[in-house]
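Good morning, colleagues. Please look at the chain on the screen while I go through its fold and its confidence.

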Amino acid sequence: MPEISRTTVYRILETFARLGVVRKAGHPDAVARYESRTSRHHHLLCVRCGRMEDLDDESLDRIDLPGRETGYRIEDYSIQFRGLCAKCANAEGRRRAGNSGDKRRGKTR
Ligand SMILES: [Zn+2]
Ligand SMILES: [Zn+2]
């Protein structure tokens with residue numbers, strides 16, 4: 001959008017961040033970069049609202065790493081789970097329940 005200056009965009013984003021509409025970037029991208037937290041940990045990412053949380057799970061710290069055939073010597077990794085956060089999942093559930101009109105019966109996935 002050439003008619004909007006970069007400064008304006010940043011100002012808008014700042015406002016959104018203050019209102020909690022968006023979360024300041026940093027963490028999502030930080031997965032690939034360096035985080036202040038250096039110990040191995042993983043991430044939960046909400047595809048709806050962009051919320052990202054750190055996740056500690058010992059079992060994820062012990063997965064088989066890609067082997068020598070990749071040509072890489074793996075030094076570290078971080079697993080990112082994508083889905084809906086509790087808040088968004090709730091909203092989704094309520095929306096579905098509202099649409100169907102009655103109680104959800106059984107566990108269909
Ligand atoms: Zn969410
Ligand atoms: Zn993290």
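I shall begin with the conventions and then turn to confidence, the sheet and the packing.

This is a predicted model, in which local features need pLDDT of at least 70 and side-chain atom pairs count only at pLDDT 80 or more, while totals for chains, interfaces and linings use all residues. Residues are numbered from 1 along each chain as its sequence is written, and chains are lettered from A and ligands numbered from 1 in the order in which they are written.

The mean pLDDT, the predictor's confidence in each residue from 0 to 100, is 77 for the chain, and 71% of the residues reach at least 70. Helix H2, residues 27–30, has the lowest confidence, with a mean of 50, whereas strand E3, residues 80–83, has the highest, at 93. Over residues 29–34 the pLDDT falls below 50, and this stretch has four contacts beyond near neighbours in sequence; a contact requires C-beta atoms, placed from the backbone, within 7 Å.

Helices (H or I, at least four residues) and strands (E, at least two) are DSSP runs, numbered from the N terminus. The elements follow the order α-α-β-β-β-α.

The three strands form an open sheet in the order E2-E1-E3, with mixed pairing; pairing requires at least two DSSP bridges between two strands. Strands E2 (52–55) and E3 are at the edges with a single partner strand each, so one side of each lacks a neighbour in the sheet. Strand E1, residues 42–46, pairs with E3 in the parallel sense over four bridges. Here histidine 43 stands opposite glutamine 80 in E3.

Methods
Two residues are in contact if their C-beta atoms, placed from the backbone, lie within 7 Å.
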